Amino acid sequence: MPHEFDTQTEVSRNADGSYAAELWPGWLVGGGLNGGYLLAVIGNALRRRLPDKPDPLVVSAYYLSASTPGPATVAIDVRREGGSVATASVDLHQGDDVRITALATYGDLATLGDDVLTTAEEPELPPVEDCVPNSMAPPEVRAIAPLMDRFDMRFHPDQVGWTVGAPSGKGVLSAWFRLVDGREPDPISLLMVVDALPPVTFDLGMPGWAPTLELTAHVRARPAPGWLKVRHATRNMAGGMFEEDCEVWDSAGRLVAQSRQLARQPRAVVAR
């Protein structure tokens, strides 16, 4: 039986060469669909268009308006294809509205190599069983973020003070992560994982929906099976916007994905 993530990110080719997708309501957060989920939908369309270069290496996306559940179209313009990588521009449309415009470079991580050398330090997390599950998130958070039901997240116990009105103020969130139905991670799912945790501004005492303006994701290697470690951090807030840096480490202790996004300061959202 297909995994939920695969069913809800699948695309089919249209006669004009674009790709049709159905965006699922289970990925809603605040006023629109999660940006990482939408990147994965775009990522699947690119994989279909570039079958001999199946893996995202870098995707840089601008979010022009909030996407909603329902039909969408992904239009791809391959700008260069040759050698070990291909680069394409991508637009995700709903009706007459362009929701996302992106530029992506794809390749084959199996042939590019899976060695990861880094000076970054792997996040220290207590054992999974000693961390705090997302099922314990406050009801008001779960009400505005149905996408949390798609994940099994176990947060560092020192970084969940925001759930009881006592954020640390450090601007860091980290958690163990996997999909609820046991689907193992791959490069396409990593495009979603980099935007899966709550906005790191929760740890600054600023809960609420934080709309993404731009997100750039780098996928460095195909992840090993098992739990992922995900860490989000921010250092700056200015002009009503903040940056959020993400690292994703696999079960083999490798840094397999990174991202930086610019987002608006959280907006209060009333649960419906």
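A residue is called buried when its relative accessible area is under 20%, exposed when that area is over 50%, and partly exposed in between (1.4 Å probe, protein chains only). By that rule, both Trp162 and Phe202 are buried. The model you are looking at is predicted, so local features need pLDDT of at least 70 and side-chain atom pairs count only at pLDDT 80 or more, while totals for chains, interfaces and linings use all residues. Residues are numbered from 1 along each chain as its sequence is written, and side-chain values use heavy atoms, with hydrogens and water left out.

**Aromatic pairs**

- Rings of Phe, Tyr and Trp (its six-membered ring) pair if their centres lie within 6.5 Å; planes under 30 degrees apart are stacked, over 60 edge-to-face, and the rest tilted.
- The count by this rule is six aromatic pairs.
- One of them joins Trp162 and Phe202 edge-to-face, with 4.9 Å centre to centre and 75° between the planes.
- Trp162 sits in the loop between strand S10 (151-155) and strand S11 (172-179), and Phe202 in the loop between helix H5 (187-193) and S12, so their pair ties together parts that are 40 residues apart in sequence.
- Helices (H or I, at least four residues) and strands (E, at least two) are DSSP runs, numbered from the N terminus.
- Phe5, Trp27, Tyr37, Phe151 and Phe177 are linked by ring pairs into a cluster.

**Helix H2**

- H2 is mostly covered, with 12 of its 15 residues buried.
- The expected span of a helix is 1.5 Å times one less than its number of residues.
- For the 15 residues of H2 that gives 21 Å, which agrees with its end C-alpha atoms being 21 Å apart.- At the start of H2, a side-chain oxygen of Asn34 comes within 3.0 Å of the backbone nitrogen of Gly36.

**Thr163**

- Thr163 is in the loop between S10 and S11.
- With a relative accessible area of 29%, Thr163 is partly exposed.
- A polar atom of the Thr163 side chain lies 2.7 Å from the backbone oxygen of Val160.
- From Thr163 to Val219 there are 56 residues in sequence and 31 Å in space, C-alpha to C-alpha.

Notes
Polar contact = N/O pair within 3.5 Å; in protein donor to acceptor, adjacent residues only side chain to side chain.
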